[in-house]
Amino acid sequence: LFQNKRTSRGSATDLHYWIGKDSSQDEQGAAALYVIQMDDALGGDPVQHREVQGHESETFQSYFRNGIVYKKGGVASGFKHVETNMYNIKRLLHVKGKKHISATEVELSWNSFNKGDVFLLDLGKVLIQWNGPNCSIAEKSRGLALARSIRDSERGGRAQIGIIDNEKDSPDLMQIMKMVLGERRGELQDAIPDTKADELQKANVRLYHVYEKDNDLVVQEIATRPLTQDLLQHEDCHILDQGGFKIYVWRGKLSSKEEKKAAFSRALGFIQAKGYPPSTNIEVINDGAESAMFKQLFQKWTEKDETQGLGKVYTTGKIAKVEQVKFDTTQLHARPELAAEQRMVDDASGDVEVWRIEDLHMQPVDPKKYGQFYGGDCYLVLYTYLRSGRPHYILYMWQGRHASVDEITACALNAVELDKKHGDEAVQVRVTMGKEPSHFLAIFKGKLIIYEGGTSRDQKSTPEPAIRLFQVRGTDEMNTKATEVPARASSLNSNDVFLLCYLWCGKGCSGDEREMAKMVADVVSKRDKLTILEGQEPAEFWEALGGKAPYASEKRFQERNAHYQPRLFECSNQTGRFIMTEVVGFCQEDLDEDDVMLLDTWEEIFLWVGKASNTYERNEAIASAREYLKTHPAGRDLATPIILVKQGYEPLNFTGWFNAWDPYKWSDGKSYEEMKNSLGDVSAISEITVV
């Protein structure tokens with residue numbers, strides 16, 4: 001699996017190879033060999049990851065927002081072409097996790113069930129979600145998201161979903177389950193807790209020099225926590241052991257080609273010598289192209305030619321400024337095989353067609369309005385490009401935050417039909433409002449505008465707001481997006497350009513960003529807009545925003561540890577072991593009401609407390625943050641400020657780390673019960689005969 005992403009210093013490629021629990025040693029060896037060959041073909045640049053079923057890294061899991069489904073079987077099913085909308089299915093999926101969801105196909109038996117997890121009985125035309133009595137709201141919500149994903153992606157939106165929260169309240173659905181599984185005898189078993197590494201274990205970092213001497217593998221420990229960057233010698237290869245939780249192999253740029261090729265085998269030998277489980281994660285990284293996860297294990301990390309100052313601060317994060325590199329399309333031509341979700345498959349010069357879902361059907365959008373997306377609508381975007389002389393297709397399904405369930409379902413159904421018209425060859429990408437992938441931005445040539453609500457239909461049901469404020473981010477046609485934010489002063493940010501009836505330029509924005517904002521401004525309105533600089537605003541500007549108010553400014557985010565990326569974690573301390581689950585590529589949607597979340601921005605630790613979080617975790621929140629600092633591998637300052645933030649009362653220095661923060665989310669967002677009710681009447685499900 002490839003993942004190509006932008007970084008403060010250009011781009012970085014992650015190369016994952018995944019090992020199923022029932023795969024043979026020969027298959028595992030062949031996969032490792034293939035990774036080495038691919039690494040060679042890519043010039044030795046990718047960060048390589050070894051992933052084992054059930055023990056995947058948080059980075060790998062972050063690619064699958066709706067969860068990972070493990071299917072039974074090997075070659076016979078793994079490589080067999082399966083058509084969508086197949087109903088001849090009877091399987092039971094065991095769903096685990098809150099932030100990172102996995103669903104494993106288990107035996108069709110009541111013996112597979114327990115009290116603490118979610119189970120999906122998949123009968124093709126019907127999906128029954130059975131929630132254990134000890135399930136949390138977050139687990140139920142994630143299970144429902146997975147069920148809807150299966151319905152929409154595998155069944156074209158044509159399957160029905162039924163939910164059992166309490167068996168006594170769902171006799172019809174229970175009757176179907178009994179027809180499939182038989183009568184249940186005996187009590188359900190208790191849930192088996194996840195075996196996750198705690199933060200104390202992860203903090204036990206050790207650095208080794210690994211080399212061969214007389215055909216023997218020599219492992220020499222050279223340092224323990226806290227580690228410093230100068231310990232890494234360019235002529236050598238090193239292994240960094242993070243408490244047996246994860247093994248990093250660092251390949252020095254001056255080390256021999258043979259040493260670099262032996263990285264995986266040496267890591268496996270190290271795991272065996274240490275007596276660690278075979279499922280231990282391995283990450284192979286290259287000198288000069290280290291991952292953020294690796295860098296944060298060191299006390300300080302300095303990049304070559306690192307600079308500081310407004311507009312050029314290497315503080316990769318949501319607010320702190322990142323110097324953006326011009327997009328290099330020549331690399332894409334060298335790697336045309338990188339066609340997949342959230343990836344730059346080409347230089348975005350292909351053909352674009354856009355349809356809006358209206359009355360459950362596809363309505364063509366005027367090409368003059370391409371790139372304008374409204375939160376009350378759903379859209380289909382077909383991108384066609386040539387490769388090796390023949391057309392290839394990417395079909396984006398953009399779902400507005402305020403679109404109805406019927407429209408979202410119709411979007412999936414129409415996507416299936418549109419795909420069929422193009423020979424079932426399209427790469428289908430579901431795009432959630434606010435989470436648009438890089439290629440999606442690029443195909444609209446710097447003119448992508450996201451309206452918070454409303455519709456692009458001719459007959460609008462609600463009047464458009466008199467004043468609209470847009471946050472513009474991007475430096476060229478390949479990466480620019482304008483997002484509507486609440487029209488008030490607190491939405492401003494010194495790092496960006498904002499569009500009102502004026503073009504407001506924050507002190508931290510660059511000339512490229514100002515030029516792109518002018519292009520977007522012409523799309524929103526042809527009227528001339530006066531450009532004003534931060535600190536030189538006329539009174540009319542503040543009047544339009546309802547008065548002057550504090551907002552996120554560059555001063556709060558300067559001079560931070562330059563290599564550090566803000567990180568968001570779900571915290572758990574109920575079992576007496578401090579366990580954190582990282583959310584990679586986080587956004588506001590990842591803040592669940594029944595969670596306590598930790599946001600680490602290096603200079604400050606934020607604890608976000610959801611309204612429905614349990615009393616124990618709320619009371620232990622501050623202690624958890626202190627434990628986090630105490631056990632951090634980089635040897636953090638224990639005096640780092642800890643800021644407790646309550647849901648609905650988030651301060652600017654917290655919301656500033658999230659792109660296009662929506663202050664009304666907590667009042668407008670759908671709860672689990674609302675999502676459940678939106679499924680409609682499930683009485684018809686009981687009429688289905690189980691074969």
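Contact means heavy atoms within 4.5 Å. Keep that in mind for the helix at the end of this tour.

**Colour by confidence**

This is a predicted model. Start by colouring the chain by pLDDT. The chain averages 78, and 81% of the residues score at least 70. Select strand E15, residues 351–358: confidence is highest here, at a mean of 95. Now select helix H10, residues 330–334, where confidence is lowest, at a mean of 42.

Next, select residues 75–85. The pLDDT is below 50 over this stretch, which has 11 contacts in the model beyond near neighbours in sequence. Residues 305–343 also stay under 50. For them the model has 104 contacts beyond four places in sequence.

**Find the salt bridges**

Side chains of opposite charge can pair when their charged atoms come close. The count here is 22 salt bridges. Visit three of them.

Select Arg-155 and Asp-122. Their side chains meet in a salt bridge, 2.9 Å from N to O. Arg-155 sits in the loop between helix H4 (137–154) and strand E9 (160–164), and Asp-122 in strand E7 (residues 118–122), so the pair ties together parts 33 residues apart in sequence. Are these two residues buried or exposed? Both Arg-155 and Asp-122 are buried.

Move to Glu-452 and Arg-401. Their closest N and O atoms are 3.0 Å apart. Glu-452 is in the loop between strands E21 (448–451) and E22 (469–473), and Arg-401 in the loop between strand E19 (390–399) and helix H11 (405–421), so this pair joins parts 51 residues apart in sequence. Arg-401 is partly exposed, with a relative accessible area of 33%.

Now pick Arg-567 and Glu-582. This salt bridge has its closest N and O atoms 2.6 Å apart. Arg-567 is in strand E27 and Glu-582 in strand E28, 15 residues apart. Both Arg-567 and Glu-582 are buried.

**Walk across a sheet**

Show the strands as a cartoon. What is the order of the 7 strands in the open sheet? It is E17-E21-E23-E22-E24-E25-E26, with mixed pairing. The edge strands are E17 (372–374) and E26 (530–533), each pairing on one side only. Neighbouring strands are turned by 25° against each other on average, direction ignored.

Zoom in on E17 and E21. They run parallel, joined by 3 bridges. Gln-372 has Ile-449 in E21 as its bridge partner.

Finally, select helix H13, residues 511–524. Helix H13 lies across E17, E21, E22, E23, E24, E25 and E26, running at about 15° to E24.

Terms used:
Residues numbered from 1 in each chain as written. Predicted model: local features only at pLDDT ≥ 70, side-chain atom pairs only at ≥ 80, totals over all residues. Heavy atoms only, no water. pLDDT = per-residue confidence, 0-100. Helix = DSSP H or I, 4+ residues; strand = E, 2+ residues; numbered from the N terminus. Salt bridge = Lys/Arg side-chain N within 4 Å of Asp/Glu carboxyl O. Buried < 20%, exposed > 50% of the residue type's maximum accessible area, 1.4 Å probe, protein only. Pairing = 2+ DSSP bridges. Axes fitted to C-alpha atoms, helices over the stretch in contact; angles between N-to-C directions.
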